[in-house]
Amino acid sequence: MGQPESRDYREIEHSELPPGQRLQRGWPVTHYGPVPKFKPERWEFRVFGATADGEKHCWNHEQFSALPFDTVVADLHCVTKFSMVGAEWGGVAARTVLELAPPAPNVTHVMVWAEYGYSANVRIEDFTDARTIFATHKGEDLLTAEHGFPLRLVVPHLYAWKGPKWVRGIEYMTADRRGFWEERGYHNHGDPWREQRYSYQEEPGDGPEL
């Protein structure tokens with residue numbers, strides 16, 4: 001598993017980035033709160049809520065690590081206006097989780113839950129995108145704790161806050177509900193190409209009332 005071919009920064013046109021974004025060298029650490037300590041014997045990934053069979057599905061760390069490994073090459077756009085391009089992410093594709101623990105037919109949204117009760121809501125069509133991945137690696141290297149080890153979600157076509165670090169599970173929902181940052185003034189959808197940064201930019205139908 002190798003890194004994608006690198007490009008000189010001068011070769012990347014500004015038009016390749018979403019509006020208001022700047023190309024970033026390296027990978028800044030951005031998050032709210034402390035970095036959690038990983039305890040593999042206590043770690044569990046849960047799928048619950050409106051599952052197709054009405055049951056909760058769980059994997060411990062060893063079981064989750066044994067799921068099929070996929071890679072995607074995708075950009076990461078942070079709402080703080082930096083973008084990383086052409087990164088390779090490795091881990092468990094969201095579609096793998098969907099196959100093992102399918103949602104009920106009427107599910108419209110997924111709440112992604114992380115350590116400390118952090119959450120981010122995404123539409124089911126964004127979660128089921130072929131490039132959405134629960135990442136354990138960037139390139140050939142395991143994620144560092146500061147960047148979300150042992151698991152972070154990457155939803156390449158949305159702002160990066162929609163892909164939480166330190167993910168512990170997902171909840172299938174039959175109606176939308178705002179996550180942590182969405183309750184605190186961030187846009188409910190978060191499309192970087194439409195520069196959907198803040199809730200005051202929302203139009204009717206973009207999300208539940210604050």
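Modeller: A word on terms before we start: two strands count as paired if DSSP finds at least two bridges between them. Also, this is a predicted model.
Colleague: Good. In which sense do β2 and β11 pair, parallel or antiparallel?
Modeller: Parallel: β2 and strand β11, residues 167-173, are joined over four bridges. Within that pairing, Val47 stands opposite Ile170 in β11.
Colleague: And what about β2 and β3, which sense is that?
Modeller: Strand β2 (residues 44-49) runs antiparallel to strand β3 (residues 57-60), again with four bridges. There, Arg46 faces Cys58 in β3.
Colleague: Where do side chains point along a strand, in general?
Modeller: In a regular strand they alternate between the two faces of the sheet.
Colleague: Zooming out, how many helices and strands does the protein chain have?
Modeller: Three helices and 11 strands. The order along the sequence is β-β-β-α-β-β-α-β-β-α-β-β-β-β.
Colleague: Why call the chain as compact as a globular protein of that length?
Modeller: Because its radius of gyration is 17 Å, close to the 17 Å that the globule rule gives for 210 residues. The C-alpha atoms fill a box of roughly 50 × 45 × 30 Å along the principal axes.
Colleague: What share of the residues is buried?
Modeller: 48% of the 210 residues. The chain exposes about 10,600 Å², with carbon and sulfur atoms supplying 49% of that area.
Colleague: Last topic, charges: how many positive and negative side chains are there?
Modeller: 23 positive and 31 negative, and the centres of the two sets lie 6 Å apart.

Note on methods:
Residues are numbered from 1 along each chain as its sequence is written. This is a predicted model: local features need pLDDT of at least 70, side-chain atom pairs count only at pLDDT 80 or more; totals for chains, interfaces and linings use all residues. Side-chain values use heavy atoms; hydrogens and water are left out. Helices (H or I, at least four residues) and strands (E, at least two) are DSSP runs, numbered from the N terminus. The radius of gyration is taken over C-alpha atoms; the globule rule is 2.2 Å times the number of residues to the power 0.38. Buried means under 20% relative accessible area, exposed over 50%, partly exposed in between (1.4 Å probe, protein chains only). Accessible areas come from the Shrake-Rupley method with a 1.4 Å probe; for residues, only the protein chains shown count as cover. Lys and Arg count as positive and Asp and Glu as negative; His and the chain ends are not counted. The place of a charge is taken as NZ of Lys, CZ of Arg, CG of Asp or CD of Glu.
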